[in-house]
Amino acid sequence: MTIKKDIRALTKDQLRDFFVQQGDQAFRGNQVYEWLWSKSAHKFEDMTNLSLETRALLEDNFVINHIRVDVMQRSSDGTIKNAVRLHDDLIVESVLIPTSKRTTACVSSQVGCSLDCKFCATARLKRMRNLNPDEIYDQVVAIDNESRLYFNRPLSNIVFMGMGEPLMNYNNVLKAIDKITSDEGLAMSPKRITVSTSGVPKMIKKMADDGVKFKLAVSLHSAIDEVRTSIMPFNATFPLKDLREALEYWYLKTRDRITYEYVVWEGINDTKKDVEALIQFCKFAPSKVNLIEYNPIDDGDFKQASSKAIDMYIAMLEANRITVTVRRSRGKDIDAACGQLANKA
Ligand code: SAH
């Protein structure tokens with residue numbers, strides 16, 4: 001038996017070529033492409049403006065490896081978490097976060113994660129594989145549909161803050177974003193998309209060279225190498241000096257403000273020295289620090305710092321004209337908050 005190809009791995013030109021080879025018109029490729037992407041068709045039989053023969057031809061040659069939302073959970077705060085089943089039965093999670101002004105999709109880029117952040121539940125899963133561009137795109141479409149259904153409005157923002165390290169699956173993430181922002185996909189502005197990374201210096205430079213238009217967020221958590229390596233061990237391979245150099249390169253090319261994600265933990269990074277290091281680290285470019293609330297993943301070593309420590313961070317950052325926001329967690333009751341995605345549903 002020949003293994004049928006995933007039709008959505010084909011570009012529009014390849015689809016057009018396929019039909020020409022079959023003695024049909026290239027235009028047929030455009031029609032199928034539109035069904036696959038703008039109309040999110042899950043089955044060939046849904047492509048109603050194609051003849052029965054054309055649909056059978058597609059059926060004989062291809063599959064549509066669509067994702068399936070297996071379980072949908074709703075939090076008391078409105079947050080929705082989808083457990084998404086992939087064609088090979090692996091599962092990833094994505095989250096819809098509604099606020100009064102926006103609805104944000106938090107999507108996954110890998111099954112599991114190859115990084116080993118000590119405070120993150122996804123890290124315990126290890127990396128099983130990268131997601132394909134269409135698997136990333138499908139998560140967004142699923143959330144857009146839920147947003148329209150439950151909140152009467154389309155999705156407004158996307159953050160790559162679900163499972164996985166997006167810059168370790170850069171090509172597929174880029175292809176997915178191309179589709180999300182194209183007129184044939186969701187026509188979303190790249191300015192409404194944020195890619196969050198633990199900081200892979202080489203890839204940050206590549207992004208700058210590629211002239212990407214989406215936003216960058218860096219999960220910093222500490223600006224002191226020794227501390228950062230103790231909680232994010234890969235920092236030993238990509239030390240802060242290299243990260244900072246890559247970010248300077250990014251800023252020179254994009255002139256775009258850099259956002260840092262930062263959790264303050266008791267006894268780990270809650271002293272004045274930690275804030276001073278953060279201020280020094282941020283100085284080279286306009287920066288924003290998002291102080292994220294810690295979401296406990298077990299009864300382990302990490303504990304959210306006191307509000308006194310958080311207030312010290314806010315006061316010192318503001319005194320240095322660094323924008324600071326405190327981000328409250330959403331969806332905690334359904335394990336949908338940052339760092340809690342671990343396929344527990
Ligand atoms: N790998 C990417 C994106 C996924 S994590 C990255 O590291 O940026 C999204 C954000 O959640 C990161 O800032 C991450 O550090 C943070 N995070 C992970 N575990 C967390 C936890 N238990 N509580 C709060 N934030 C957490």
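Which is glutamine 21, buried or exposed? At 65% relative accessibility, glutamine 21 counts as exposed, and the legends below start from there. Before you zoom in, note that this is a predicted model, in which local features need pLDDT of at least 70 and side-chain atom pairs count only at pLDDT 80 or more, while totals for chains, interfaces and linings use all residues. Residues are numbered from 1 along each chain as its sequence is written, and side-chain values use heavy atoms, with hydrogens and water left out.

**Close-up 1**
Look across to leucine 36: 15 residues along the chain from glutamine 21, its C-alpha atom is separated from that of glutamine 21 by 20 Å.

**Close-up 2. Helix 2 and what covers it.**
Helix 2 runs over residues 27-37 and is mostly covered, with eight of its 11 residues buried. The buried set is made up of Arg28, Gly29, Gln31, Val32, Tyr33, Trp35, Leu36 and Trp37. What lies over these residues includes helix 1 (12-21), helix 3 (52-61), helix 4 (133-151) and helix 5 (170-181), judged by contact, that is, heavy atoms within 4.5 Å.

**Close-up 3. The second largest pocket.**
About 310 Å³ of space lies in this second largest pocket. Closest to its centre, among 17 lining residues, are Arg8, Ala9, Pro133, Lys175 and Lys179. A pocket is, on a 1 Å grid over the protein atoms alone, an open set of points where a 1.4 Å probe fits, with protein on both sides within 12 Å along at least five of seven lines; lining residues have an atom within 4 Å of a point. The volume is the space filled by probe spheres set on the points, which are joined across faces, edges and corners. Helix 2, helix 4 and helix 5 each supply at least two residues of the lining. By residue class, the lining divides into six nonpolar, four polar and seven charged residues; Ala, Val, Leu, Ile, Met, Phe, Trp, Tyr, Cys and Pro count as nonpolar, Asp, Glu, Lys and Arg as charged, and the others, Gly among them, as polar.

The domain assignment of the protein chain gives domain 1 (5-63) and domain 2 (68-334), with bounds that come from an automatic or database assignment. Taken over C-alpha atoms, the centres of domain 1 and domain 2 are separated by 35 Å. Seven residues from domain 1 and six residues from domain 2 take part in the contact. The second largest pocket belongs to this story too, since its lining draws at least three residues from each of domain 1 and domain 2.

**Close-up 4. The nonpolar cores.**
The largest nonpolar core holds 96 residues, and Met47, Leu58, Ile158, Leu247 and Tyr260 touch the most other members. Domain 1 and domain 2 each give at least three residues to this core. A nonpolar core is a set of buried Ala, Val, Leu, Ile, Met, Phe, Trp, Tyr and Cys residues joined through side-chain atoms within 4.5 Å. Leaving aside neighbours within four places in sequence, isoleucine 158 is in contact with Ala105, Val107, Val140, Ile180, Met188, Arg192, Ile193 and Thr194. A second, separate core of 16 residues includes Met232, Ile292, Tyr294 and Ala342.

**Close-up 5. Arginine 255 and aspartate 256 in a loop.**
Arginine 255 lies in the loop between helix 8 and strand 12. Aspartate 256 is also placed between helix 8 (240-254) and strand 12 (258-263). Arginine 255 is exposed, at 54% relative accessible area, whereas aspartate 256 is buried, at 15%. Beyond neighbours within four places in sequence, aspartate 256 is in contact with Phe214, Lys215, Trp250 and Tyr251. The backbone of arginine 255 has a phi near 55 degrees, a positive value in a residue other than glycine. For context, most residues other than glycine have a negative phi.

**Close-up 6. Arginine 321 in another loop.**
Arginine 321 sits between helix 10 (307-319) and strand 14 (323-327). Its phi is near 55 degrees, again positive without being glycine. With a relative accessible area of 77%, arginine 321 is exposed.

Terms used: Buried means under 20% relative accessible area, exposed over 50%, partly exposed in between (1.4 Å probe, protein chains only). Helices (H or I, at least four residues) and strands (E, at least two) are DSSP runs, numbered from the N terminus.
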